[in-house]
Amino acid sequence: MKIVLDEEEIGVLECIKEAHMDRGFHIRDIIKKAKAGYGLSRSTVYEIVGYLEFHGLLKTNEHGNRELDLNISYFVTCTGCGKDIPGNEYFKENGKAVCEDCYLEEHQRIKFADPVAVRSKKLFRKQHGFEGTEGLTELQKEIYSFIIEEGGSTPEMISKLFKLTLQETRNQLAILRHCELLKWRKMGDEMYMVPFDS
Ligand SMILES: [Zn+2]
């Protein structure tokens with residue numbers, strides 16, 4: 001059965017991860033953290049802990065303490081696009097769980113080529129064994145192959161060709177840029193996206 005956790009349940013899980021020690025965790029610490037961090041009441045915490053136990057995410061260890069079982073997979077719903085994402089792949093954005101795409105999209109509006117984002121995206125892809133265009137959406141793959149074939153293209157050209165708004169085109173290009181599949185190059189007066197290793 002697929003377990004999809006809601007916001008409060010994720011909050012409690014985050015508190016458990018923080019308070020977790022070798023021997024397990026103590027529910028008092030979780031109650032304190034959940035109250036301070038998420039405004040959850042004692043009874044809500046107990047209810048959620050019971051729910052997590054029911055689904056096997058929490059179990060009682062040989063010391064008689066509760067501990068997290070990281071082998072049980074769970075999902076969270078992206079608050080940006082509503083997609084269910086594996087529990088180990090979500091990002092926290094203002095305390096809310098979002099998927100990688102929504103996280104990047106949000107950050108690209110602020111900074112287009114953020115070196116920290118490049119590092120984390122690369123690390124994320126490396127951790128998940130993604131190489132080249134693996135893990136990209138079909139649209140991103142198509143844009144990428146187009147640029148590889150053409151040797152370079154401007155966001156304006158891509159936006160016309162793929163019938164996307166300029167903002168959406170820039171978001172898609174930024175993801176490819178973050179994956180270090182493409183990079184910017186000035187040609188004449190125009191900025192082109194070109195293959196990363198060209
Ligand atoms: Zn999303």
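Analyst: A helix here is a DSSP run of H or I with at least four residues, numbered from the N terminus. By that rule, Ser159 of this predicted model sits in helix α7, residues 155-161.

User: Why does Ser159 count as buried rather than exposed?

Analyst: Buried means under 20% relative accessible area. Ser159 comes in at 13%, so buried it is.

User: And what is Ser159 in contact with, leaving aside neighbours within four places in sequence?

Analyst: Leu164, Thr165, Leu166 and Thr169. Contact takes heavy atoms within 4.5 Å.

User: Let's do helix pairs. Why are α2 and α3 called oblique?

Analyst: Their axes come within 9 Å and cross at roughly 125°. The roughly perpendicular range is 65 to 115 degrees and roughly antiparallel needs over 145, with the rest being oblique. So α2 (residues 27-38) and α3 (residues 42-54) end up oblique to each other. The crossing is right-handed.

User: Which residues make that contact of α2 and α3?

Analyst: On the α2 side, Ile27, Ile30, Ile31 and Ala34; on the α3 side, Arg42, Val45, Tyr46 and Val49. Sorted by class, that's seven nonpolar, no polar and one charged.

User: On to strands: how many bridges join β8 to β9, and how do they run?

Analyst: Six, and β8 (residues 182-187) and β9 (residues 190-195) run antiparallel. Pairing takes at least two bridges, so β8 and β9 qualify. Met187 is opposite Glu190 of β9.

User: How many bridges join β1 to β4?

Analyst: Two, with the strands running parallel. The threshold is at least two, so β1 and β4 (residues 75-77) count as paired. Val4 has Phe75 in β4 as its bridge partner.

User: Then what makes β1 and β5 edge strands?

Analyst: The open sheet has three strands in the order β1-β4-β5, with mixed pairing. β1 (4-5) and β5 (84-86) each pair on one side only, and that is what an edge strand does.

Technical notes
Residues numbered from 1 in each chain as written. Predicted model: local features only at pLDDT ≥ 70, side-chain atom pairs only at ≥ 80, totals over all residues. Heavy atoms only, no water. Axes fitted to C-alpha atoms, helices over the stretch in contact; angles between N-to-C directions. Parallel < 35°, antiparallel > 145°, perpendicular 65-115°, else oblique. Left-handed = near helix turned anticlockwise from the far one by under 90°. Nonpolar A, V, L, I, M, F, W, Y, C, P; charged D, E, K, R; others polar. Buried < 20%, exposed > 50% of the residue type's maximum accessible area, 1.4 Å probe, protein only.
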